[in-house]
Amino acid sequence: MNDDKIRIRSKEELDSRKKCFLEIVDILEENKINFFIQAGTVLGAKRENNFIKWDWDVEFGIFEEEFINNYELIKSEMLKKNFKIFHEIKSRNDGKIDVWKDFGAKTTLYEILCWSYDSKQDRFFRWNINIPAKFFKEKNTIKFFGKNLHCPGPVEEYLTYQYGDWQTPKRVSNKKDYLTSKFYN
């Protein structure tokens with residue numbers, strides 16, 4: 001396999017990922033920002049009880065108003081903790097703040113993603129991704145690194161919607177090879 005993006009991360013890189021993940025959780029919790037973990041972060045928490053060793057990003061979601069209202073605060077708090085801004089978009093539809101720390105953006109990118117709601121289709125969306133609102137109607141949590149964190153759910157149903165057969169590890173980087181067409185279109 002020649003894709004450096006999905007290389008197995010070293011113990012030191014994964015230890016740093018956990019430390020940085022918990023720093024971001026603390027930043028969001030201390031500032032009373034409602035957030036949830038999503039995508040491969042939830043997949044790793046459920047299937048591996050850890051991060052997926054070849055995953056390149058850690059995903060946090062924030063709903064549109066909360067994201068827009070706290071955009072500058074989030075950036076400021078990240079910079080105070082020595083995170084580096086990799087990419088940012090202050091937008092309602094595709095808003096995001098991507099940061100990295102320690103080993104660089106190619107080892108782990110921490111993504112804080114803005115999710116908008118479409119009431120006509122009863123879904124949340126961003127970029128080319130759609131999640132039925134039913135996955136957010138009730139507060140779902142998953143225990144990860146000693147924390148009870150919000151996530152879309154019921155978790156197994158959400159993971160099936162996003163990945164199909166989520167129990168079988170797929171070490172690929174092309175989104176069309178591991179995401180369902182309902183989730184990513």
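I shall go through a helix, the nonpolar core, a pair of hairpins, the cysteines and a few individual residues.

First, the ground rules. This is a predicted model, in which local features need pLDDT of at least 70 and side-chain atom pairs count only at pLDDT 80 or more, while totals for chains, interfaces and linings use all residues. Residues are numbered from 1 along each chain as its sequence is written, and side-chain values use heavy atoms, with hydrogens and water left out.

Let me begin with helix α3, residues 64–80. Helices here are DSSP runs of H or I with at least four residues, strands are runs of E with at least two, and both are numbered from the N terminus.

By buried I mean under 20% relative accessible area, by exposed over 50%, and by partly exposed anything in between, with a 1.4 Å probe and protein chains only. An α-helix has 3.6 residues a turn, so residues three or four places apart point the same way. After the helix comes Asn82, with a positive phi near 70°.

I turn now to the core. A nonpolar core is a set of buried Ala, Val, Leu, Ile, Met, Phe, Trp, Tyr and Cys residues joined through side-chain atoms within 4.5 Å. Which members of the largest core touch the most others? Of its 55 residues, they are Phe21, Ile37 and Phe60. The element that gives the most to this core is α1, with 6 residues. Contact means heavy atoms within 4.5 Å, and beyond four places in sequence the contacts of Phe60 include Phe21, Ile24, Ile37, Gln38 and Leu113.

Gln38 deserves a word of its own. This residue is found in the loop between β1 (36–37) and α2, and it is buried, with a relative accessible area of 5%. Besides Phe60, its contacts beyond four places in sequence include Glu59, Trp115, Pro152 and Tyr158.

Next, the hairpins. Two strands pair if DSSP finds at least two bridges between them. β5 and β6 pair in the antiparallel sense over 3 bridges, and Tyr117 has Phe124 as its bridge partner in β6. Their hairpin has 4 residues between the strands, and Asp122 in the turn has a positive phi of about 45°. β6 is also joined to β7 (residues 129–132) by 4 bridges, again antiparallel. In that hairpin, with 2 residues between the strands, Trp127 takes a positive phi near 50°.

In a regular strand the side chains alternate between the two faces of the sheet. Both faces of β6 (residues 123–126) are covered, with Arg123 and Phe125 buried on one side and Phe124 and Arg126 buried on the other.

How many disulfides are there? A disulfide is taken as a pair of cysteine sulfur atoms within 2.5 Å, and the count is 0. Cys114 is in none, the nearest cysteine sulfur being that of Cys151, 19 Å away. Cys114 counts as buried because its relative accessibility is 0%, and Cys20 is buried for its value of 0%.

I close with some individual residues. Ala39 lies in helix α2 and has a positive phi near 55°, although it is not glycine. Gly40 is also placed in helix α2, residues 39–48, and it is buried at 8% relative accessible area. Asn49, in the loop between α2 and β2, has a positive phi of about 55° and is exposed, with a relative accessible area of 55%. Finally, a cis peptide bond joins Gly153 and Pro154, with omega about 5°; Pro154 is in the loop between β9 (147–151) and α4 (155–163).

How values were computed:
The expected span of a helix is 1.5 Å times one less than its number of residues.
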